[in-house]
Structure formats: structure tokens, C-alpha cells
Amino acid sequence: MPAHARLDRAARAAAAVCLLAQGCGDPRSAHLPAPAPEVAPPVASIAPAPLPPLPPLHDPPRGLGSMTARAPGTTETVGGVRLASHHATVTVVDGTAHTEVEEEFRNDTDRVLEGRLRLPVPSGAALSRLALWVGDQLVEGEVVARDRAARIFRGIVDDTVRPRDPALLEVVSGGELSLKIFPLPARGSRKVVFAYDEVLRAKEGEARYVHPLSLGAARATSIDSLRVTVNGRVALDQRDATPTEDLVVPLDGVLPALVVAAEPGGGQTWLARSTAEAAPGAASSAGDVVVAIDTSDRQSAASLAAQAHLAAAVLDGLAHGESFALLACDTACASYPERGLAAPTEDSRIAARTFLTSLAPSGASDPAGAVLAAMARLDPGRRGQVLWMSDGTATAGELSVDAALAHVGRAGEGVDVRVFGAGRAIDHASLSALAAGLGATYDPVADGAPILGRVRALAASRRRPKVAPQRAEGAPDAARRPWARAGDEVITLGRGEVAGARPTSAPITRLWAQRRVSELEAQGDADDRELVKLSVKHHLLSKATALLVLESDGMFAEFGVARTRPAAASAAVTRSPDAALAAPGRLTGAHVPRAPSLRMGATQVSGRIATEVIQRVVRQRFGSFRACYEAALRRRPTLAGRAVTRFVIARDGSVTSASDGGSDLDDPAMLACVRAAFLGMSFPAPEHGVITVVYPLVFVPADASEEARPEARQRDAAPPAPRAHFGLTERLPWNSALNPPDVAPPARELPTVLLRAGDERWRDGDAARLASLADAVARDPARRRAHLDLVRASLARGRFGGAREAAAKLVALDPDLPEAQEALAEALAALGRGAEAARASAMAAALDPRAVTRQLVAARAALAERDDTRACAHLRALGDLKPGRYAEAAAACRRGERARLSPDATEGLRVGWRCEECSGVAIVSPAGRVSSPWTSTSVGEGELTVPLTSGTYRVVALDARPLSVEVRALGALLRASHAGGAATLAHVDVRIPWPRARPRVAW
């Protein structure tokens, strides 16, 4: 955000230019109607003045979400899949709505793909059904613990040798879902059904149903056929549709005040509606106001415009003697005025409008930090109100609602807070829980009505008195009821006997369970087991569970998933488009002739898990292993050998670690790829302890049989049998107790390193390779992997400007991809553009907030920019994610102390530098990864460390200032001085005959 120290003068000049050049006039007459008479306060007498125009407020095309696809057996994200139809059937019963959606995914490419759709859901919706057409059978899904469901789905999708038909529905955030379906046959389509229940709300006394569309223009999805039917009546039927607003369907009748449902095991649940009524003589919510706007990357241009207009409308309604402040917050807050509050004068109104026009989405979101910053602006001795706008999803700072409320603590006592939901996708449950903990009221900015009218209504309601939680007439007392403003509709759900009530068929029990699930999710220390138990009992999707569909009841039994839904239903009339496949779950034309040979050895297992089970699960991943090998053969066509992997099966059946077990195949990248495939496997849970397995795989090219290779015959004459060892630790050393003498580790060469003085010749070579990668991007612009390959190859060859351009294109192609932001950050860092690199690293953390590595990089990047506020936001998130390592740093930040983070003790290539106010150095790895003060997890004051693999590393100066460096690797030392200018300082040639680092799952 730009500084605003001289904002008044600049704003007046800008307004004058606007009048001379365009004749802007007063935009209030065009964009913001006057407040309603109910809130007409004694407004200070201010002469009309030309005000800078706010961002245009309109409803851009938004579609139903973002549509992508993935090639099975890889992590490659591609295009070519579209949403062919979205048909919703809505049934309204006693103030609730049951929405059932049938969606058809269409694959326009010539290869089999996995389709992925991210879509919005209504506030408080209870997701209860996912079903997939398999041939002419509609197979119902089951609620499964989220991590387990994801492992099962990945294992099936990556089994390209014997693929089967899964679908997976997960929560991305409180207001957004992820739907995955496989396989999408080449030039074919698949259908999936999902359903949810919700409580209907009234608008000005009128009942209505709202079908949400809320992801923003940058993520719009066009639909070939969009149809919504409500109670048998077609409310919408469009072709080639990309709607611009939510569908709002008025309903006949009045919503009931009290609805009661009988629970299957006895007892009752109820839903009550009431209108909040203020006590006689209650004071209005007036006084000073601080408006905090969410400007994190989770906002869109349209949602920021709505926030700006709402803030401007509130300022236009200020009364005489009231003051204001505007805050624009991601992980830190820019503000007008810079300190304290401003009176609503002509100059301050112009400056405030100019501030609002400068807003742009960027960075992570720290809700607790934004609320505290807003509260700190109010004068404790005066009446005041905080208006905080956010989407409710924390991507930095405290990541759970309870932790955020604990951080705010007593600072919020006595402060009147209003919470507004605004963003591409809104986590209504988290915002409601935050509001309840703050004693605040909550309203979404968008509720289906035209956004301009909604902004006006919210601004006009600012002075309505706040009403404490009340009990609805006729309903039992509830444990938790929301605060409200006088005149608001209040909806509560609870359990308890209601005498004389007529039972309803509406899904009240499931909606009550969903409310309870939301309350548990808001607790930072909530037990996921309780969440899973409640979700499974009521067949509900939650943040701890997923809805998983497998192709048959037998397949559910194979993976140990109990069936609670009816068996697969036959549909003789309606036939799924994938019925033309040769057999259910089989892909026609998916196999490549003359595939390279892949063979596994005999498996022996000590421990309570059958050998056949391990072999069956590993065999399902042969498609992934073959993909790793085919990629390696493109680099070395004659590559052959054994890849031996030691992996650990944890108590829940997941693979927690995978390391080298004595491979002789000389390709570290391929071995890392194979180990990554093992990391994604899911086994039945062992009865006791953990299981450690050593598993060999033999790889031979397609143009030569194994027997034709003398070294292969000699190697396999007496192959050591793979062994599995029972133990209680995840990482077991190689020793005689666990590994008998007949399975001794192979002899290994020692690693070597050569340090050379730097030169620029490395930047001139391999232009043909870069041209080939650029052509691949041009041929298939939707392939994320092609873009990323071009970025990495450009960085590895010193073409930093070209890498930045390629990374920027990837970010534009997929703004929700954290790897794209990481690539952009590294390209910017290599160019010495530290502030921009730090922002991109923060964006990567915002897109994947539970990734410890990304939060750590973002924290170190902020420290490199000497931005303690943003560094502390990411350190507080690390304190939640990994308290054993970062609790002390997070606690110091919460006490208001300076952000501190000690360097990680990492072995490898270490570069130290000394200079006066220089940016330092970057290390470019052989794979084109850039470690710098803004893109590394292991960086200290004047020091940078990276782990080593085979290849040549480059040490590059980042700006024109003189500096001296010390380069150390494996005991070797090189000192160099640099007189100035961006240059290569050193080359480091490394040869390591075996992979040393623990494998990471590469994107």
C-alpha cells in the first residue's frame, strides 16, 4: 500500500485533475444513494466538494467456481475440462431447503483426466450426499476421515494401470468446496450428484431461496446448461451461462416461527425464528467509527469495491462530533489517517476516498491482527464502533477461531463490533463464531440482493441498537444464541422437548448437527475424532471429513470403508455418458505400447499386516512408478537398475516417511519421484505399532530385456528379499538388529565438491532447450507443468527476466496455485526485487496456510524486509501449526516484542556475506530453485544455507553494491570479493552418488 503522509494535498490535486479532464462531479449521486430516513442524524454542515470516484460497483460474471483437471499418475494440472451442465432441484419444507445438484463434467482432450471443480455453498449448508454414475449405476458415497479419504482417492487415481472410479468432495474453506472426479474419459463425460440442506431466511418479511455464485470473475466457470427448479417450478434455464449474480427465488407463504423434528434415537431438535427487539430506551450504536477492510489475496476486485462503497457510505453518514479511521489490512494494516482518528472535514473526505481507490488484493489474511489494530484506534473514553469486513478465513496469525479470540483477549471488552462477511468465498461459520466471541453482530455484505442496495441498507443500519442474545418464544433455552441488531431475524437451533409440537419432515436434526460441527471446527484444540464421529453419525461433510465414492460395494469393503448408504442403484432409463467404456473402471486406449519393464521382488513382512496386502497396495501405484521412469528415460534412454525404498506405515495406515534403502539406479530425481509415490499410499491400519518395509523395484527400458543385460543378470541372481520390520519409531537406522547381515547396505562412494570463481558463461548456453519449453507452453497454454518447467529452466540458466515473465503468466493462468506464487517469488528474488518477492512468498502462504514451510518462508521474507508486523503474523501461524518449534517466537510476537527467528541448522552449501546495506546473494540450484533472503527457510543475518544434491549451484549477487562472500560446502571453502553490480560470484559443482535428503512430494 502507498504511504499516506501527504495524502490530503495529493487527493485535492487528483480531484482537481479529475474535474478538469473529465468533469467527474460528485460520485455519491451515481453510486451511493442517500441514507434511509431512519438514520438521519444531525450531519455536520460540510460544503459539497468534488470527491475522487470509488471503484465501479457492479456484478461481474462469476459462474459457479473454478474448473481444472489433472493428468493421472502425475501432479500436472491441465485444461480441457469444462462444466457441461449444472442442474439443481430444490425442495422447500417448513422453512428449510434441500438442494440436489447433478453436474456433468466434459473432457475435450484426447487423454484421460481427473476433473476438479471448486464451487461455493450457502451459509450454514449441511452437505450430506455425493453420488457418482458408474456405468448405469448411481453409487452413493460415504463420509470418511478427510486424510484417509484423500489417500484412498490419490491411490486410485494414480493407479493408471488398473484405474477405478472414485469421486471426492472436500471443504476448501468455510464457503467453498472442492469436487474431484475420475476418470474423465477422452472426449467423454461423467456425472456426479451432490446435495445439501439449509435454513431459509426472510428478506423484509419475504421468504426466498438463494442459489450462490460467489467466487469472483477471475475464477468464473461458464456452464453449457444451467437449470434450477424450485418445488417443481423452473426458476432458471439457460444455455452457455455465466451468470452475474446469485439466483434469488421468492417463495410463497410465511416462514414458520418454530419447527420441531423427532430424532431417530429419541428426543427432539428444533429450529426457532424470532425478531431481535431492543429494550425500551436502548441507546443507538453511534459515536466514532473505525472501518477495517480485508485486502488479502482472498478478495476479488468486486468484493473490494463492495467494501470500499460500504466504508464510504458509513463515512457519509457521520454526525457532528464523530470521527473516523480507515484500515486496509492483510497481515499488516495501512490506514488513513496514519494515526488516531480524523474529523469528517472536506479535506479528510477527499483523502479517505483516495485511500479507498488505492485498495488492491494482496497477501495473507490475519483476522485477529486486523481486529486488534481497529480496536486500538478508538479512544477508550468515547463511544465508538468497529466495522470489520473479512471473508473469515485466517491464512496467517491465529488459524483457529478460539486462538484468534484468545489473542484479542480483553482488548475487545466494551467495544461495539460489527462483522461483515465479504470476499470471493466466505467462511460464514468462522465469522459467526468470531462475532459471538467478540459480542458482535454478523451480516454478509452480499445476500442475493443487488449489491448497491445491500451496501446502502447495511450503512443505514449502523445506528440500530445491539440486542443481547434472547430466547425465542415457545422454544427451549439454547446454549448459544447470536447477538443481533434491533429488527434482525434471529435463527437458533437446539435440542430439547417441545410440548404439543407437530413433528416435521424437514432435516432439522442434520442442520442442528451441522451447527454443532461448525462450533467444534471453530475450536483450535478440537478433537478431530469427535468431529469425525459426529459427521459420520449424521452423514455430514466437515473440515475433518470428506464424502468419498468408490465404484462398488466390493471396493468399499476392500478399503475398509463401512457402508451406511443404500447399495448402488440401477438406472435403466438414464445412462451415464461414460457407459461406452470397455468395462467399468477400465480405460480404453490408455496404455502405451512397449512400456518399460517394471518388476518387484518378493515381499516378506514381520508384523501384523499381510504380505499380500502390501503387495496389492504397492501394485496399485505402478502407474506412478512407470511415470517416474518414463520421465527419467527422456533424460537417459538407457537408464536401468533397482530402486529400493524403505518406508514406514503408521498406526493409521498412512506412509509417514520414505527413504533410500540401497538403490543402485543412478538418477536421484527418479528415486525421489518413486519415494514420493510411496508417501501417497494408504494401507490398512496395523494392529499394533508401526511397520517398516524395504521394497525393491527393478526398472528396465522397453528396447532391452532384463536378461539381455549382464549386470542385471548378475544383480538379480540372488536378489535380497524385501523385509518389513516391526517397531515403535518412524525412522529406523540401518543396524544389525533390524537388518540382518544378509541385507547389508551397499558400498557407497563419497560425495565430492568443487568450488570455482564465478563467471557469466553459464547464462549463454542451452538456448534450444529454453526455446523448446517455450514452444510447449505455446502449444498447450493450460498446462501448468509446462509453464513451471519453463520458469525453472530459465532460472537454472540465469535468464531471470524470462523466468519472471513466465511465472507471471502462470500466476495469471491459475491465481489459486501456491506453486505459481513460489515460482514468481524466486524469479523476483533472483532479480533483486526483494519487496515484490516477499509479497509473492506471502501469497503462497495464503494459498496454503497450513504448510509450515510456506509460512516459514513468508516469515523470513518479511524479516528480510524488516517488516516485523507481517513477520509476526506468519510466526503466530507457525506457533499454531508447530508449537514445539515456534511457540516461543509466536509468544514474543503476541507480547508485542520484535519478531525473532533463529536460523535452521541445515547442512549443505552455506554462503555468508558482508556488505553495507546490500541485498545479499541468491543461490540457484541445478533444478532452478532460488534460495534467497525472501525465498528460503534457512536464512540468517548475512547467511544462507541450502541442502545439496548432485549438480552445479550458482552464487549470484543481488544488487550493485560491493560485498564479500564465503562459500562453504562439505569442508571446502572459497572466499571472494565483489566490487559491485549483479554478477555470478561462484560456481559449486557437487556430485553425490546417492540421494541424501528426505524426499519431498514435488508439484
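Trainee: Which exposed residues are carried by the face of H17 turned away from its buried side?

Mentor: Helices here are DSSP runs (H or I, at least four residues) and strands likewise (E, at least two), numbered from the N terminus. Residues are called buried under 20% relative accessible area, exposed over 50%, and partly exposed in between (1.4 Å probe, protein chains only). On the face of H17 turned away from its buried side, the exposed residues are Ala768, Ala778 and Arg779.

Trainee: What kind of model is this?

Mentor: Residues are numbered from 1 along each chain as its sequence is written, and side-chain values use heavy atoms, with hydrogens and water left out. Local features need pLDDT of at least 70, side-chain atom pairs count only at pLDDT 80 or more, and totals for chains, interfaces and linings use all residues; the model is predicted.

Trainee: How far does helix H17 reach from its first C-alpha to its last?

Mentor: Helix H17 covers residues 767-779, which is 13 residues. The expected span is 1.5 Å times one less than the number of residues. That gives an expected 18 Å, and the helix comes close to it, reaching 18 Å.

Trainee: How wide is the arc covered by the buried residues of H17?

Mentor: In H17, the residues Leu770, Leu773, Ala776 and Val777 are buried.

Trainee: Which helix is included in what covers the buried residues of H17?

Mentor: Covering is judged by contact, meaning heavy atoms within 4.5 Å. Among what covers the buried residues of H17 is helix H18 (784-796).

Trainee: How many disulfides does a search of the whole structure find?

Mentor: A disulfide is a covalent bond between the sulfur atoms of two cysteines. The criterion used is a pair of cysteine sulfur atoms within 2.5 Å. By that criterion, the number of disulfides in the whole structure is 4.

Trainee: Is the link of cysteine 329 and cysteine 333 right-handed or left-handed?

Mentor: The sulfur atoms of cysteine 329 and cysteine 333 are 2.0 Å apart, and the two residues form a disulfide. Cysteine 329 is buried because its relative accessible area is 3%, whereas cysteine 333 is partly exposed at 32%. With 110° about the S-S bond, the link of cysteine 329 and cysteine 333 is right-handed.

Trainee: How many residues apart are cysteine 628 and cysteine 673?

Mentor: A disulfide joins cysteine 628 to cysteine 673, with an S to S distance of 1.9 Å. Their link is left-handed, with -70° about the S-S bond. Cysteine 628 lies in helix H14 (residues 622-635) and cysteine 673 in helix H15 (residues 668-679), so the pair links distant parts of the chain, with a separation in residues of 45.

Trainee: Which helices hold cysteine 872 and cysteine 893?

Mentor: Cysteine 872 and cysteine 893 are joined by a disulfide, S to S 2.1 Å, and both are buried. The pair ties together parts that are 21 residues apart in sequence, because its cysteines lie in H23 (residues 868-881) and H24 (residues 883-894).
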